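This briefing concerns a single protein model and is meant to be read beside its sequence and coordinates.

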Amino acid sequence: MDQHIIACPVLLQELKAVLQDLPGKPKVHLMDYSIHINADTMEQELHRYIGALKNTAPHIGILLGKHCKAIQAVTDIARQCEAKMPHEHNCIEMILGVSRTKKLQENRTIIMTPGWITMMQQSIKDGNWRVEDARTDMGWYEQILLLDTGTEPLTDEIIMNFFELTRVPIDILKVDLNHFKQVVDRLLQQETCVTEKKHNP
């Protein structure tokens, strides 16, 4: 059975890494980086891929957090086309789990992955965002906790350039992808993943 995953670009490298160890070879359809800048774009991208797949793809997974922003709730969009989504609210919970995410976000800490750096830089390059927007959005936080998932190098140059962009101190935390692998594995199973029940791995 053909399997398709409509994926957030922030998770691309982590998704590639875990798919190597999972059975089956789902086709990955990568959404545009601007989905997290504009709720209209998020919805348009979802409908574009779902519209292209719904008549030919028996199994569609949507790799987004259920609290990612579109005009219509992304969970409602998934239900309408009988697609599957993770239980987790966002991509950080997909990697760390709910409880660990909440703990690490204390004291005005924002958690990011290397994919978020790429997304922010690409959005500025494409003219969809400005440096001032990045600094405004990051201005409330005391610290950025950058997750080193082992999927791409985090050089001193990358970290320094990101600090220059955000002006927020950055700390690095090495993490494995065991929890994320479980999330993707569930997405490829046949039972429904979208739920409003409490999910605290």
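Contact here means heavy atoms within 4.5 Å. The model is predicted, so local features need pLDDT of at least 70 and side-chain atom pairs count only at pLDDT 80 or more, while totals for chains, interfaces and linings use all residues. Residues are numbered from 1 along each chain as its sequence is written, and side-chain values use heavy atoms, with hydrogens and water left out.

**Trp-116**

- Trp-116 is found in helix α6; helices (H or I, at least four residues) and strands (E, at least two) are DSSP runs, numbered from the N terminus.
- Leaving aside neighbours within four places in sequence, Trp-116 is in contact with Val-10, His-36 and Cys-91.
- Trp-116 counts as buried because its relative accessibility is 18%; buried means under 20% relative accessible area, exposed over 50%, and partly exposed in between (1.4 Å probe, protein chains only).
- Pro-9 and Trp-116 are 107 residues apart in sequence, yet their C-alpha atoms are 8.9 Å apart in space.

**The largest pocket**

- The largest pocket holds about 700 Å³ of space. A pocket is an open set of points on a 1 Å grid over the protein atoms alone where a 1.4 Å probe fits, with protein on both sides within 12 Å along at least five of seven lines; lining residues have an atom within 4 Å of a point.
- Among the 33 lining residues, those closest to the pocket centre are His-36, Asn-90, Cys-91, Ile-110 and Trp-116.
- At least two lining residues come from each of α2 (39–53), α4 (91–96), β4, α6 and α7, and β4 gives the largest share, four residues.

**Helix α8**

- Ile-159, Phe-162, Leu-165 and Thr-166 are buried in helix α8 (residues 156–166). They lie on the same side of α8 because they cover an arc of only 120 degrees around the axis, taken from the directions from the helix axis to the C-beta atoms.
- Asp-156 and Glu-157, on the other side of α8, are exposed.
- The cover over the buried residues of α8 includes β4 (109–112), α6 (114–125) and β6 (170–174).
- Arg-167, which follows α8, has a positive phi, near 65 degrees.

**Aromatic side chains**

- The whole structure contains one aromatic pair. Trp-140 and Tyr-141 form this edge-to-face pair, 5.2 Å centre to centre with 85 degrees between the planes; rings of Phe, Tyr and Trp (its six-membered ring) pair if their centres lie within 6.5 Å, and planes over 60 degrees apart count as edge-to-face, under 30 as stacked and the rest as tilted.
- Tyr-141 counts as partly exposed because its relative accessibility is 26%.

Note on methods
Points joined across faces, edges and corners; volume = space filled by probe spheres on them.
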